[in-house]
Amino acid sequence: MTDLLDVHNLTVRFGVRRKGGMFARQTYLTAVDDISFTVRKGETLAIVGESGSGKTTAALAIARLVSGVTSGKVELEGRDILPLDRDDLKDMRQKVQVIFQDPYSSLNPRKRAEDIVREPLDSLTDKSDPEKREIVDQLFKAVGLRPEQKRLFPHQFSGGQRQRIGIARALSTQPEVIICDEPVSALDVAVQAQILNLLRRLQAEYGLTYLFISHDLGVVQHMCDSVAVMYMGKIVEHADRMSLFNKPLHPYTEALLSAVPSVDPRLRENARRILIPGDPPDPLNLPKGCRFASRCPVAAPECRESAPSLDAVTPSHRVACHLVEGETSPLATLSAS
Amino acid sequence: MAPLLKVENLRIELATRAGVAPVIDNLNLELAHGESISFVGESGCGKSMTALAIMGLLPEGIGRVASGSIQFDGEELTTASPRRLRQIRGNEISMIFQEPMTSLNPVYTVGEQIAEVLRAHQGLGQKAAWAQAIELLDAVQIPNPKSRVEAYPFQMSGGQRQRVMIAIALACTPKILIADEPTTALDVTVQAQIFDLLRDLRAQTGTSIIMITHDMGAVAEMSERMIVMYAGRKAEEGPVDQVITHARHPYTSGLISCVPHIMANLTEERHDLTEVPGIVPGLSEFGQDLCLFAPRCPRASDKCLSARPPDVPFGSARSSACWHAEDL
Ligand SMILES: Nc1ncnc2c1ncn2[C@@H]1O[C@H](COP(=O)(O)OP(=O)(O)OP(=O)(O)O)[C@@H](O)[C@H]1O
Ligand SMILES: Nc1ncnc2c1ncn2[C@@H]1O[C@H](COP(=O)(O)OP(=O)(O)O)[C@@H](O)[C@H]1O
Ligand code: SF4
Ligand code: SF4
Ligand SMILES: [Mg+2]
Ligand SMILES: [Mg+2]
């Protein structure tokens, strides 16, 4: 399979005003800092990490939907989309669509469901009215909504149904890539399962590529083909599904996985919970070495001196940590000694 | 020993535009001294309402106890005076909520807010209250409590604000701590810190805990016993590990199997998630004399629509409100 999306050295900075002494001064917050990855066609790359780590910003930059200063390259089917303007951008927007977390606020309350779904067709394509109607009818069926629901307004739907409307809207332009930013976080578990099954079915049917952001690692494990773990704007680990969950290498990834509460009593007994104390550092005042050093249970003096680079340990597994040796995690080394 | 909390045949009615509906419909439960139980279920099933009823905080003019009783340490709460209920809320039963930002006052420092509770409920003087506020911040593991006591809520992270809420809830060493989705708004690593903190505090103080959550993993980590609620009724009750390994109610099974639980030794294999079709009914459908789960239930039969299933006991600690519980 070929790389559909190829991200090189993507950096996003926001101008912010910071109070310091008597005067507020203009400074930059680097929300996404020099990240690179590729996603193959038809696959799902999950992005995980704590709140504020830059997941949404990275994904929105890839959809050209972010207001910050962006540098680097985002190649979609081999073509850099960051310099595009006007007509070319329209074409690109058809290929990259977004599903948002909150099915309540992301739909215009004054529009009927069918108009919400066809909105991207109106603004991005020059299809005829009958063509658009035909597409909307098909989409309603594809996402499991009934034809008579086309005329209803968002408040007349449940949360799960609203998310189906959002999905139908994202599908309307036959996109290549769909960015799913916490698409099920606002939903109850039963409805979450309905939506996750739908997303996977649609992916198989239409060969969709997903960038899937979620803080729920169980959901990520179920949905992903590979995972990028972000911490303070950096990718700290990026691996295929099996490697990431079975052989995590970065101390932060291990802490994240061990923090998930488990229903399995055997798992709970065996779990060596790695508690990482405190909070992440101030994004406007990042340390010069490893950004995780202040919370890392195995931080060494060198970690505070220089930032680790994201290096490949196998062809499908990259990690940014000074203490990873070969394919051995520093925490495993610690508990063995 | 007599239970610390005993809820019997409790019926709470809410007056809504659509009419009066039983948001809690004949609920029975007990909580022992030092015990931790969880209420589980999708949103809209009445978990928070149960907690608010115990706290004497039902929405004024809308909710009322229609029948039944809530006994706390032998004392009847449903008929207690507002003054007595305030005393109990301050000193014996405390509650923490999902979004700590909305429950903290943005214009006072966290120290002032903790000290205020200590002055009002324990009659401490200014200085003693302040000193104890610092101690409490230390107990909930806020770093540098001596300086952080002067911080305003907005200067703290979400996890720290929840710790402050826990500090306030603990200020009066309550006998029961009710935690309503205390970590839903937090990252997993912070959730793990908060759970650890709650477990430690419980071990040290012997406080009973009622956890409200939709996360079975959290239930398993935090509680010995769980109560599954559906549409204002108790669907199933029992020791957590027993219920998880062998659910006696189709709703419980559905809740467990629809979630993609994280696996220790992941394999390439992937199946579709089990779906529980449909959604929780609206309040106006509560209270009918039938099984309210029937439209979503894979085992529903005619009998399920003919009458409300009673709580069927399984041994002394378990029960299930399902006509077909014996076959599950
Ligand atoms: N428009 C903006 N202006 C200034 N700073 C911003 C802006 N958008 C995001 N940020 C900052 O950039 C960083 C990354 O934010 P982002 O929303 O990408 O995080 P996230 O990983 O998606 O978090 P969450 O899990 O909370 O959604 C944060 O420090 C955030 O405060
Ligand atoms: N103040 C209120 N006024 C009217 N209805 C309410 C109010 N609070 C809750 N409800 C309704 O009561 C039912 C149970 O709510 P709640 O106890 O909050 O459920 P849970 O905590 O399990 O999500 C829901 O149908 C909800 O819409
Ligand atoms: S580089 Fe050092 S501080 Fe950073 S994760 Fe690795 S061991 Fe921890
Ligand atoms: S009583 Fe019937 S409908 Fe209700 S849970 Fe049991 S089998 Fe399902
Ligand atoms: Mg985000
Ligand atoms: Mg609730």
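Mentor: I shall begin with ligand 4. Of the 13 residues around ligand 4, those that come nearest are B:Cys291, B:Cys297, B:Cys304, B:Cys322 and B:Trp323. The model is a predicted one. By class, the shell around ligand 4 consists of ten nonpolar residues, two polar residues and one charged residue.

Ligand 3 is surrounded by 13 residues, and the closest are A:Cys290, A:Cys296, A:Cys303, A:Cys321 and A:His322. Its shell divides into eleven nonpolar and two polar residues, with no charged residue.

A loop of chain B deserves attention next. B:Gly287 is found between H11 and helix H12 (302-306) of chain B. With a relative accessible area of 35%, B:Gly287 is partly exposed, because a residue counts as buried only under 20% and as exposed only over 50%. Not counting residues up to four places away in sequence, B:Gly287 touches B:Pro22, B:Asp25, B:Arg233 and B:Leu292.

Helix H11 of chain B, which spans residues 250-257, is mostly covered, with six of its eight residues buried. The buried residues are B:Pro250, B:Tyr251, B:Thr252, B:Gly254, B:Leu255 and B:Ile256. They pack against H6 of chain A, and within chain B against helix H9 (216-222), strand S9 (225-230), strand S10 (233-239) and helix H10 (240-245).

In soluble globular proteins, nonpolar side chains tend to be buried together. The largest nonpolar core has 101 residues, of which B:Leu5 and B:Ile178 touch the most other members. Helix H6 of chain A, residues 189-206, gives the most to this core, with nine residues. Residues up to four places away in sequence aside, B:Ile178 touches B:Ala51, B:Ile54, B:Met55, B:Ile93, B:Ser94, B:Met95, B:Ile96, B:Ile210 and B:Ile212. Another core lies apart from the largest one and has 39 residues, including B:Met156, B:Met165, B:Ile166 and B:Ile168.

B:Glu35 sits in the loop between strand S2 (19-31) and strand S3 (36-40) of chain B. B:Glu35 and B:Met165 are 130 residues apart in sequence and 21 Å apart in space, C-alpha to C-alpha. At 11% relative accessibility B:Glu35 counts as buried, because the cut-off for that class is under 20%. Its side chain reaches the backbone nitrogen of B:Ala32 at 2.9 Å. Beyond four places in sequence, B:Glu35 is in contact with B:Glu30, B:Arg202, B:Ser208, B:Ile209, B:Glu224 and B:Arg225.

Let us turn to ligand 1. The residues around ligand 1 include A:Phe14, A:Val16, A:Leu29 and A:Ala31, together with A:Glu50, A:Ser51, A:Gly52, A:Ser53, A:Gly54, A:Lys55, A:Thr56 and A:Thr57. This shell has four nonpolar, six polar and two charged residues. Oxygen atoms of ligand 1 take part in polar approaches to the protein. One is 2.6 Å from an N or O atom in the side chain of A:Ser51, and a polar side-chain atom of A:Lys55 also lies 2.6 Å from an oxygen atom of the ligand. A polar backbone atom of A:Ser53 is 3.3 Å from an oxygen atom of ligand 1. The protein covers 64% of the 640 Å² of accessible area that ligand 1 has on its own. Strand S1 (3-20), strand S2 (23-40) and helix H1 (55-62) of chain A are the elements that give two or more residues to the shell, and H1(A) gives the most, with three residues.

A:Gly49 lies in the loop between strand S3 (44-48) and H1 of chain A. With a relative accessible area of 8%, A:Gly49 is buried. Leaving aside neighbours within four places in sequence, A:Gly49 is in contact with A:Lys55, A:Met230 and A:Tyr252. The C-alpha atoms of A:Gly49 and A:His250 are separated by 13 Å, although the two residues are 201 residues apart along the chain.

Methods:
Residues numbered from 1 in each chain as written. Chains lettered and ligands numbered in written order. Predicted model: local features only at pLDDT ≥ 70, side-chain atom pairs only at ≥ 80, totals over all residues. Heavy atoms only, no water. Near = heavy atom within 4 Å. Polar contact = N/O pair within 3.5 Å; in protein donor to acceptor, adjacent residues only side chain to side chain. Areas by Shrake-Rupley, 256 points an atom, 1.4 Å probe, with all protein chains shown as cover. Helix = DSSP H or I, 4+ residues; strand = E, 2+ residues; numbered from the N terminus. Nonpolar A, V, L, I, M, F, W, Y, C, P; charged D, E, K, R; others polar. Core = buried A, V, L, I, M, F, W, Y, C linked by side-chain atoms within 4.5 Å. Buried < 20%, exposed > 50% of the residue type's maximum accessible area, 1.4 Å probe, protein only. Contact = heavy atoms within 4.5 Å.
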